[in-house]
Amino acid sequence: MADNQEPILNKDVNTTANSLLLKLKNWQWWLVVAINIFFLVVGQSAAVLLGRLYYDKGGNSKWMATLVQTVAFPILYIPLFLLSSSQESSTSATLPSIRTLALIYFFLGVLIAGDNMLYSTGLLYLSASTYSLICASQLAFNAVFSYFINSQKFTSLILNSVVVLSFSAALIAVNDDSDGPAGVSKWKYIIGFLCTLGASAIYSLLLSLMQLFFQKIIKKETFSVVLEMQIYTSLVATCVSVIGLFGSGEWKTLHAEMEGFGYGRVSYIMTLFWTAVSWQVCSVGVVGLILLVSSLFSNVISTLALAVSPIAAVLVFHDKMNGLKIIALLMAFWGFGCYTYQNYLDDSQARRAQHDANETHRDSLC
């Protein structure tokens, strides 16, 4: 729980979100966190596998694969409707001007669209297992961005994770047996690797910027405000993806894709539909963990999902798991473990500090 110099329990408690968190018992807080972890891991793993299935069975549109990552954002209006009425009436905090919010949403939305395009290109040229292992490098990028943007302190555990995850990605880069899907040349494999690595860096930057905007500009960390950011940035990203789909001319090939899809037209539509839904389930977990804990912790759990995906890819797509990829997978788990243990230490320290403060306050009243 250490994406800033202060742990979550020491943040300003004037916001509704933090007031509610302080009222939760320890097990209740972890239960809410566990639910968001479940959404993130299941949503992301399913989305990656379905995205690979789309390419394997005849899909070839990078812009369509980009579009489905955000197009299902209206689903988020359901939790927004359920949460907004109870939260908005209980806080006096004011939001920035509409113009400021619009600029933030537009900037992040365009960045998300570009990031999703890089991810789509990477998944096109890489196997699902290789793609997921490279994406695990986002944790190392997030540590760097959090240090410069969110005042994250580097501990020995965090530094160890950065080094281990960097070597994990390097192993994939030099792995001659990590071939992409059938018909993918070595040059396209390199493009896929670079695109996925770049997308991981941009994704980490997005998480840190999101947290910065919440803390410095929006200054209102309720679930409804977090969901609004996700909705409106996804709207912008969806519009950019639609423009790209028609501007590139890929929309002309969609009918032929559907007709030639390996499992039939209905399966083509359902694959895209459930890919879109899976990404939004994942996004609920991402924004929930950013609010409850931090962008760093959210990225830690995302990395865990990426470490699980290669195992699922071996079972579903029979991807190769040679020695180097197994070592890279173990290193990804090690990096995740170090981050998790650091989070546990920060959580314990924060709760001890909170307990000592309460005891001091109680003694002063006596």
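This is a predicted model: local features need pLDDT of at least 70, side-chain atom pairs count only at pLDDT 80 or more; totals for chains, interfaces and linings use all residues.

Residues are numbered from 1 along each chain as its sequence is written, and side-chain values use heavy atoms, with hydrogens and water left out.

**The largest cavity**

- You'll find 4 cavities of 30 Å³ or more in the structure. On a 1 Å grid over the protein atoms alone, a cavity is a set of points where a 1.4 Å probe fits but cannot get out, and lining residues have an atom within 4 Å of a point.
- The largest cavity holds about 400 Å³ of space, a volume being the space filled by probe spheres set on the grid points, which are joined across faces, edges and corners.
- It has 24 lining residues, and Gln69, Asp115, Asn116, Tyr203 and Trp279 are the closest to its centre.
- Helix 12 gives the largest share of this lining, with 5 residues. Helices here are DSSP runs (H or I, at least four residues), numbered from the N terminus.
- Sorted by class, the lining of the largest cavity has 13 nonpolar, 10 polar and 1 charged residues. Ala, Val, Leu, Ile, Met, Phe, Trp, Tyr, Cys and Pro count as nonpolar, Asp, Glu, Lys and Arg as charged, and the others, Gly among them, as polar.

**The second largest cavity**

- About 130 Å³ of space sits in the second largest cavity. Of its 15 lining residues, Gly51, Ala65, Gln69, Leu123 and Trp279 are the closest to its centre.
- Helix 2, helix 5 and helix 12 each give two or more residues to this lining, and the largest share, 5 residues, comes from helix 2.
- This lining has 11 nonpolar, 4 polar and no charged residues.

**Aromatic rings**

- The structure has 9 aromatic pairs. Rings of Phe, Tyr and Trp (its six-membered ring) pair if their centres lie within 6.5 Å; planes under 30 degrees apart count as stacked, over 60 as edge-to-face and the rest as tilted.
- Tyr54 and Tyr55 have ring centres 5.3 Å apart and planes at 50°, so they make a tilted pair. Both Tyr54 and Tyr55 are buried, meaning under 20% relative accessible area (1.4 Å probe, protein chains only).
- Tyr119 and Tyr131 pair edge-to-face, 6.2 Å centre to centre with 70° between the planes. Tyr119 is in helix 5 and Tyr131 in helix 6, so this pair ties together parts 12 residues apart in sequence.
- Tyr54, Tyr55, Phe261 and Tyr268 form one aromatic cluster.

Methods:
On a 1 Å grid over the protein atoms alone, a cavity is a set of points where a 1.4 Å probe fits but cannot get out, and a pocket is an open set with protein on both sides within 12 Å along at least five of seven lines; lining residues have an atom within 4 Å of a point. Buried means under 20% relative accessible area, exposed over 50%, partly exposed in between (1.4 Å probe, protein chains only).
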